[in-house]
Amino acid sequence: METHRTSTRRITGIQPTGHLQLGNLLAAVRPMVAGQHDVHTLAFIADQHALTVDHDPARLAGLTREAAAILLAAGLDPVRCVLFVQSQVPEHAVAHYLLESTATFGESRRMIQFREKAGGQESVRLSLLTYPVLMAADILLYAGVGQDVEVPVGEDQGQHLELVRALGRRFNRRYGLTFALPRGVQPGSGARIMDLAEPGRKMEKTNPATAGVVFVLDPPDVVRRKILRAVTDGDRVVAYDPVTRPGVSNLLDILGCVLGRSATGLAGEYQTYARLKADVADAVVAVLEPLQRRFADISGDPAELARVLAAGSERATALAGPMLAVAQQRMGLLPVAHADAR
Ligand code: ATP
Ligand code: MG
């Protein structure tokens, strides 16, 4: 890896479960790009996590390429960072099994997200239950004991990160100090971008109701329309208060993220919702348009994208491979001897 200001590693995964939306860009992708010169950044498209729920194979392949191209278009430098596709580094799946043999059924079953998504259905995929254990593999493979590793996590992933730490700690206790325990850090700006049509719920790429979701690849006129139609609050005062004025506060948060300014400070500059919405629309389009042009260039050359991802998975393998070998040996699995070594 290139030299960075600190030896900290930062790991971020994005699931290709849908088209990336503005919240992903502002809270996850842009901070990753901004931090790539200071911190060793590992970014991966978590395609295996997208297998935990019903999926369409051709769509998944397309969304995986699309997400990688968006990260590059947003300015992620594949030389500075290690950018890869999870399934192209099979060490993750192998380590997943080792960690499944470290985790218990009880603790996996207790994960809130599993209980919510599974809804008690027998037909739910087994991988939905074990997905936080794969997440542990995604993280633990990239830092040996003594190394500092951080994972930006929203509050919905807090419980999973605790499980990752518990598994790392248990493995270390049973088999000898091996893995660094990751620290959870607040992602980027800390802002949670809410759905424009339903400001009580977070903007989400898998929401089937798309009127309030600004997708990174939405054409500018669609972006404008969605923002101009954003649900705002009863009284017509522009003030920042996410509890009593979730709609207008969300617009201020978006503008604040885009401009790198405080939402509260911006509130004082507006008298009308119409003016605020127009400025939010302009600011978002100004971020998305150049990104979309670079995206078109990048996705116009699929062979080059495949080459960039192959180089990324080689570098990820160089980090994860030795760690996996140590973990396997510590658990009592025999190392592979070369057939011609006598
Ligand atoms: P899904 O419906 O598949 O969960 P998602 O839009 O929530 O889709 P994730 O793949 O779960 O996206 O998350 C990718 C990254 O984007 C994570 O770092 C997550 O914290 C962040 N993120 C997702 N949605 C928002 C949002 N509305 N505001 C801020 N950050 C978000
Ligand atoms: Mg999510």
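# Close-up views of a predicted model

**Leu163 is a buried residue of the model, having a relative accessible area of 4%.** Buried here means under 20% relative accessible area, whereas exposed means over 50% and partly exposed in between, with a 1.4 Å probe and protein chains only. The residue belongs to helix 7, which spans residues 158–175; helices (H or I, at least four residues) and strands (E, at least two) are DSSP runs numbered from the N terminus. Although Leu163 and Met111 are separated by 52 residues in sequence, their C-alpha atoms are 8.9 Å apart in space. This is a predicted model, in which local features need pLDDT of at least 70 and side-chain atom pairs count only at pLDDT 80 or more, while totals for chains, interfaces and linings use all residues. Residues are numbered from 1 along each chain as its sequence is written, chains are lettered from A and ligands numbered from 1 in the order in which they are written, and side-chain values use heavy atoms, with hydrogens and water left out.

**Ligand 1 lies between two domains of the protein.** Domain 1 (9–186 + 301–330) and domain 2 (192–297) both contribute residues to the shell around ligand 1, which is why it is placed between them; the domain bounds come from an automatic or database domain assignment. There are 15 residues around the ligand, and those that come nearest are Thr17, Ile193, Lys202, Lys205 and Thr206, where a residue is near a molecule or strand if one of its heavy atoms lies within 4 Å of it. By residue type, the shell holds five nonpolar, six polar and four charged members; Ala, Val, Leu, Ile, Met, Phe, Trp, Tyr, Cys and Pro count as nonpolar, Asp, Glu, Lys and Arg as charged, and the others, Gly among them, as polar.

**Oxygen atoms of ligand 1 approach N or O atoms of Thr206, Lys202 and Gln15.** In Thr206, a side-chain N or O atom is 2.4 Å from an oxygen atom of the ligand, and in the side chain of Lys202 the corresponding separation is 2.6 Å. For Gln15 a backbone N or O atom takes part, at 3.5 Å from a ligand oxygen. On its own, ligand 1 has 590 Å² of accessible area, of which the protein covers 88%; such areas come from the Shrake-Rupley method with a 1.4 Å probe, and for residues only the protein chains shown count as cover.

**Cys81 and Cys257 are two cysteines in a structure with zero disulfides.** A disulfide is taken as a pair of cysteine sulfur atoms within 2.5 Å. The sulfur of Cys257 has its closest cysteine sulfur in Cys81, and because that is 20 Å away, it is too far for a bond. Cys81 is buried, at 0% relative accessibility, and Cys257 is also buried, at 17%.

**His40 and Phe84 are buried residues on strands.** His40 is placed in strand 2, residues 40–45, and its relative accessibility of 14% counts as buried. Its side chain makes a polar contact with the side chain of His4 at 3.4 Å, a polar contact being a pair of N or O atoms within 3.5 Å, of which, within protein, one must be able to donate a hydrogen and the other to accept it, while residues adjacent in sequence count only if both atoms are side-chain atoms. Phe84 sits in strand 3, residues 82–85, with a relative accessible area of 0%. From Phe84 to Ile45 the C-alpha distance is 6.5 Å, across 39 residues of sequence.
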